[in-house]
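User: I would like to learn how to read a ligand site and the backbone around it. Please take me through one case.

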Amino acid sequence: MCGIVGFVGKNIKVDYFIDGLKKLEYRGYDSSGVSYDDNGKFCTIKKEGRIKDLEKELGDIVNKNVNVGLAHTRWATHGGVSDENSHPHTNEDNKISVVHNGIIENFQELRKELISRGHVFRSSTDTEVIPHLIEECYRGNLLEAVIEAIKKLEGAYAIGVIHSEEPDKIVAARKGSPLVVAGNEELSIIASDVTPILKYSKEVNFINDGEIVELFGNNYKIFDLSGNPIERKPIHIDWDEELAEKGGYEHFMQKEIFEQPVSIKSAISGRIKNGQPCVKEIENIKSFIENDLKKIYVVACGTSYHAGLAFKYFMQNHSDINVEIEVASEFRYCNPNVNKNTLVIAVSQSGETIDTLEGVRLAKNKGAYVLAMSNVVGSTIPRESDSVVYMNTGPEIGVAATKTYTAQIAVLYSIGSQIMKWKNQYSTETEKIIKDIENLPEIYKKVLDNEDHIIELAREYVNYKHMMYIGRGTGYTAALEGALKLKEISYIHASGYQAGELKHGPIALLDESFPVFAIVPFNGLREKMISNIMEVKARKARVIAIVTENDEKVIEIANEVIKVPETSEDILPLTVAPVTQLFSYHIAVLRGLDPDKPRNLAKSVTVE
Ligand code: M6R
């Protein structure tokens, strides 16, 4: 997740930018850079690596006094990690400098048009189209030029712009990515969140989507997209800097759970539009898929495996495309049946899991085409695969996978529906599912509104020693993930089962000391799940049912009920995930454990 800091005022030291970037380090980054005014011109210095590498490059410049500047930490999405791809990006004569957080979906089209009009590009980023567009729109007023230019952008952005002909000003705009502004007697400051700001002011204004802000001297003004001023009083922030890093949440895990309305939007951005898949990253294998593909094989571990399993159900439910899945540590040793007609999808949020990496190597040796899915640009699995689709959720700091899991499912469904389309198997039913995915940001807001109810349940269940999660179909994959989340951060023993398997063994465990989470879809397998709930109740075990909103029957029979909005059954793992994540999170906190750093676990598992 990129970070932006900008200052305007008198006698701002270049060091202020470095200090601001350091406050944003927790967001994750792979390069950084700064642009500042230098005797009527802009100087831009950027560096791949850590902020200390940028500091080294700047040397004594850190003590220099400037009047305006922008700085950035980049977390690569479009274009590899390099000095050239780092921000700020400038137009050719370096008069305009831009920092950006987000993804410009139509950058390829814009880039082509700009090149045809004579613009020369220096990076392979989506961002670089912005300074060139602003240059074309500039007629002596930066605010007007930015308003005109951003109307051409599709996707998500927070941007900061400076122009050497108006060296007393920053213009910034937001659509989908965060931006906060503040001022004091000496300067005004813009940033991706409040952490770099708190040192200068606790009175901040959160910029909304579709708003532009002009910062000058020690003040700022907010405008709408038509250039009309917006009056809004700043909000007083009481947080200390540590709390601010976590956006006011107690832990990164909680913050990341609550980021899902935004992270899911970012993951599907440019991959799904109006119920149709449009996954550009796999266009190069369209002919392979149409003519040669006989099987898809998913290889992954842990939570990523659960996302892959949901994908397998989805593909099976809606196409005749053969999908197999194996845990990566087994795949390596089970002599998997893959060959040149197989598409292997290696799913790994970190991109570094050694078992999955070895699976990639094996699959390539056997002649398969390997597509990586990762959240970390430039990580090893994408580098060793034939191509990659990045999840674009921003870094996940908590060890437990939360927002990356839901992004994985959404991106896998996008890829799967794209494949169905090319195989002429894209039905209206699948289109409905894809539309449900597009609605997830709104659905997530509703689900997350239930946190208080989930906290109450966590209080009630915190002292149990075992729990079971049951479901059928995609509900089974949600059960597996719910159980994994609980055991890894609360250390309560939990297992996930296909509800139909209960009577083949696990039911022997059940009594009043063994609560069961039942994941109940609205249609399809609902009646079967109700029978399983009755079996559980007959053994005196308590039932916590996750049901769709109007399921009165289950509401009557379960001991506890958590409601999620009604969607197609394939979406169940996506709607249920924030509930089971929050439940596990609050149980861990109530037990006095640190959910961000569970014992014995690491964020990327690079040992066998
Ligand atoms: O980085 P990966 O997605 O390859 O990681 C796979 C598993 O190690 C990971 O999902 C693990 O299960 C997490 N702790 C889940 O929260």
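**The ligand site**

Analyst: Domain 2 (246–438) and domain 3 (445–608) both contribute residues to the shell around the ligand, so the ligand lies between them; the domain bounds come from an automatic or database domain assignment. This is a predicted model, in which local features need pLDDT of at least 70 and side-chain atom pairs count only at pLDDT 80 or more, while totals for chains, interfaces and linings use all residues. Residues are numbered from 1 along each chain as its sequence is written, and side-chain values use heavy atoms, with hydrogens and water left out.

User: Which residues come nearest to the ligand?

Analyst: A residue is near a molecule if one of its heavy atoms lies within 4 Å of it. Of the 15 residues around the ligand, S304, S348, S350, T353 and E488 come nearest.

User: Which polar side-chain atoms lie by an oxygen atom of the ligand?

Analyst: A polar contact is a pair of N or O atoms within 3.5 Å. Here a polar side-chain atom of T353 is 2.4 Å from a ligand oxygen, and one of E488 is 2.5 Å from a ligand oxygen. The protein buries 90% of the 410 Å² that the ligand exposes when taken alone, with areas from the Shrake-Rupley method and a 1.4 Å probe.

User: What should I look for in the backbone?

Analyst: Most residues other than glycine have a negative phi, and most peptide bonds are trans. N11, not a glycine, has a positive phi of about 55°. The peptide bond from H87 to P88 is cis, with omega near 0°.

Conventions
A polar contact is a pair of N or O atoms within 3.5 Å; within protein, one must be able to donate a hydrogen and the other to accept it, and residues adjacent in sequence count only if both atoms are side-chain atoms.
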